[in-house]
Amino acid sequence: MEPAPLLKVNNIEVIYEHVILVLKGVSLDVYEGQIASLLGANGAGKSTTLKAISNLVKAERGEVTKGTVEFDGKRVDRLFAPALVKMGVIQIMEGRHTFEHLTVEDDLLTGAYTRGRDKKGIKEALDRVYGYFPRLKERRSAKTGYISGGEMQMCAIGRGLMAKPRIMLLDEPSMGLAPLLVKEIFEIIVRLNKEENVGMLLAEQNAAMALEYAEYGYVMENGRVVLDGDAETLKNNADVKEFYLGLTEIGKKSYRDVKHYHRRKRWLA
Amino acid sequence: MTFFFEVLINGLLMGIMYSLVALGFALIYKASDVFNMAQGAMSLLAGLALVGFLEMSFPLWLALLCTVGIMIILAYSTVFFVLKPLVNRPPLMLFMATFGIMYLLEGIGQSIWGTDAKGLNIGIPEISFEIRGILMNTFDLTFAGVAALLVASLVWFFQKTRTGRALRAVSDDHEAALSVGIPLLKAWAVTWVIAGIVATVAGVAWGSRLGVQFSLGYIAFKALPVLIIGGIDSIPGAIIAGLIVGAGETLAEVFIGPYVGGGIQTFFPYLIALLVLYFKPYGLFGKEIIERV
Ligand SMILES: Nc1ncnc2c1ncn2[C@@H]1O[C@H](COP(=O)(O)OP(=O)(O)OP(=O)(O)O)[C@@H](O)[C@H]1O
Ligand SMILES: [Mg+2]
């Protein structure tokens with residue numbers, strides 16, 4: 001028998017400001033210790049899906065109006081965001097939201113907010129974060145507003161680690177980083193997955209990179225999951241190759257089809 | 001020279017009062033991006049309540065405790081009935097809402113405790129004495145001590161405690177704070193409680209000097225130039241700017257006033273504020289907006 005998924009998103013619909021329908025029935029599963037990726041172009045609804053799970057949509061005047069989200073067998077779609085953090089569902093938001101006037105160390109410590117006064121555990125967690133990110137240790141007393149983009153992303157991930165995550169919802173960790181740094185970040189994500197047994201749901205536009213490191217992928221378009229499968233299968237899928245990996249097999253598709261798709265894509269963006 | 005120092009010290013003592021009022025503004029602005037027009041009214045309410053409890057012949061400690069209790073109730077009601085429904089609305093809406101709170105507090109305060117000016121005597125003796133020829137009195141010094149203690153504990157709270165750190169995080173980025181599990185409404189409520197306590201100290205300080213009266217609600221406007229000088233979201237800024245304004249306006253009044261026919265005190269703070277704005281648009285200690293390019 002297959003194990004039950006750690007995270008089960010069941011046909012959810014999300015509406016912003018009571019009128020803007022953004023997710024139109026999204027379903028996905030993430031298993032314990034798995035890395036799953038969520039691919040799609042700008043505006044496909046990746047961030048909204050992650051925020052629907054972590055319940056940060058509420059803070060943006062959005063609401064899950066249909067469907068359910070289950071974590072560890074319990075329904076969580078009606079819970080308050082901090083309650084989810086406490087259960088170990090941590091979202092690392094898009095665009096590196098560090099607290100710019102806090103020092104790196106203080107920023108990391110805010111990640112342990114839900115752990116209360118567990119001083120020893122928090123100290124251990126901090127040391128572990130510095131172990132994964134030695135660069136953060138060097139810059140521990142710098143304000144996060146003045147560290148580099150890569151260090152900010154490390155700080156955001158490290159802060160997530162402080163909360164004893166069971167699953168991390170990572171929103172475009174590669175955004176705006178140089179290729180070498182992207183590789184470094186992804187390798188850390190894999191290590192966290194293996195060594196800390198953290199499940200990962202990774203939203204990415206950088207499909208090539210994401211499919212390199214993830215086991216499973218979901219492709220979103222216009223608020224729906226249009227395709228899903230093992231990373232290997234997806235990598236070999238003709239449409240994924242063409243539209244997300246940028247590998248067109250010239251001759252097999254007519255130019256008109258491609259143009260047609262691009263036009264459609266612009267509508268979606 | 002002695003006279004100069006006497007004037008300076010008087011000015012600084014006045015400045016502490018301004019600092020206290022400005023501090024209340026800065027705290028709330030930092031945490032919830034609201035310029036709280038009701039800050040002065042909160043001081044008025046605290047003063048009225050304290051006088052009320054003392055008139056009911058409560059001992060001082062109990063009267064103070066009850067007053068703080070009222071400020072806590074006020075803080076939670078404000079956050080849950082006013083701020084919560086307005087989360088994510090334009091800041092102007094919140095600003096207008098605090099106007100509403102201001103009038104409400106003034107109305108409530110006066111319908112319960114009446115509109116007469118009341119003397120407030122909390123039993124701190126006012127004994128004058130001289131140090132090296134400079135005249136001082138015990139009342140002023142006690143308040144300076146209380147204010148210093150209050151500020152020191154606030155600094156400790158914000159820098160060293162888990163809740164303080166969480167409040168600083170909230171003031172930087174609401175959504176990110178929520179994403180690490182900091183409950184925003186609770187954080188705001190704590191901030192309003194602290195601002196309420198600061199308002200109480202300010203209310204008692206001003207009330208003991210000038211009597212508790214309607215005009216206490218307007219000491220808020222005295223804090224405006226202080227906030228501009230110190231930076232609207234800076235705690236040390238509020239303190240230091242308060243002292244600068246207090247000392248500056250008193251010195252100006254005494255030493256420059258006679259040449260220009262007096263009355264400098266009322267506009268001098270704004271003059272300093274303009275000057276500061278010219279060189280440092282975020283105030284002396286205001287949070288710089290960190291722009292990454
Ligand atoms: N707070 C909001 N209010 C209204 N509409 C929103 C809000 N947030 C997102 N949307 C809309 O929802 C759609 C999906 O946005 P979302 O941010 O989830 O996409 P995404 O796949 O993460 O895109 P990107 O790759 O650009 O980050 C977009 O059309 C966007 O305009
Ligand atoms: Mg996004």
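**How do we know?**

Student: How do you know that the span of helix 3 of chain B agrees with its 24 residues?

Tutor: Keep in mind that this is a predicted model. Helix 3 covers residues 60-83 of chain B, and at 1.5 Å a residue its 24 residues should span 34 Å. The C-alpha atoms at its ends are 33 Å apart, so the two values agree.

Student: What makes B:Lys30 count as buried or exposed?

Tutor: Buried means under 20% relative accessible area. B:Lys30 has 18%, so B:Lys30 is buried. You'll find B:Lys30 in helix 1 (residues 2-32) of chain B. Not counting residues up to four places away in sequence, B:Lys30 touches B:Ser171 and B:Asp233.

Student: And why is B:Phe268 called buried?

Tutor: Use the cut-off of under 20% again. B:Phe268 has a relative accessibility of 19%, so B:Phe268 counts as buried too. B:Phe268 sits in helix 11 (residues 264-279) of chain B.

Student: What is B:Phe268 in contact with, leaving aside neighbours within four places in sequence?

Tutor: With B:Gly248, B:Glu249 and B:Ala252. Take B:Gly248: B:Phe268 is 20 residues apart from B:Gly248 along the chain, and their C-alpha atoms are separated by 7.7 Å.

Student: Over to chain A. How do you know that strand 1 and strand 4 of chain A pair?

Tutor: Two strands pair if there are at least two bridges between them. Strand 1 (residues 7-16) and strand 4 (residues 62-71) of chain A have 8 bridges, in the antiparallel sense, so they pair. For instance, A:Val9 has A:Val69 in strand 4 as its bridge partner, and A:Glu13 stands opposite A:Lys66 in strand 4.

Student: How many bridges join strand 4 to strand 5 of chain A?

Tutor: There are 2 bridges between strand 4 and strand 5 (residues 74-75), which run antiparallel. The cut-off is at least two, so these strands pair as well. One of the partners is A:Arg75 in strand 5, bridged to A:Glu70. The two strands form a hairpin with 2 residues between them, and A:Asp72 in the turn has a positive phi of about 55 degrees.

Student: What makes strand 2 and strand 5 of chain A edge strands?

Tutor: The open sheet in chain A has 4 strands in the order 2-1-4-5, with antiparallel pairing. Strand 2 (20-30) and strand 5 each pair on one side only.

Student: How much area do chain A and chain B bury between them?

Tutor: About 2700 Å², with 56% of it on carbon and sulfur atoms. A:Phe99, A:His101 and A:Tyr113 supply 26% of what chain A buries against chain B, more than any other three residues. The contact takes 31 residues from chain A and 24 residues from chain B.

Student: Last one: why is the pair B:Arg165 and A:Asp106 called a salt bridge?

Tutor: The cut-off is within 4 Å, from a side-chain nitrogen of Lys or Arg to a carboxyl oxygen of Asp or Glu. The closest N and O atoms of B:Arg165 and A:Asp106 are 3.7 Å apart, so the pair qualifies. The count between the two chains is 2 salt bridges.

Technical notes
Residues are numbered from 1 along each chain as its sequence is written. Chains are lettered from A and ligands numbered from 1 in the order in which they are written. This is a predicted model: local features need pLDDT of at least 70, side-chain atom pairs count only at pLDDT 80 or more; totals for chains, interfaces and linings use all residues. Side-chain values use heavy atoms; hydrogens and water are left out. The expected span of a helix is 1.5 Å times one less than its number of residues. Contact means heavy atoms within 4.5 Å. Buried area is the accessible area (1.4 Å probe) that two parts lose on being put together, summed over both. Buried means under 20% relative accessible area, exposed over 50%, partly exposed in between (1.4 Å probe, protein chains only).
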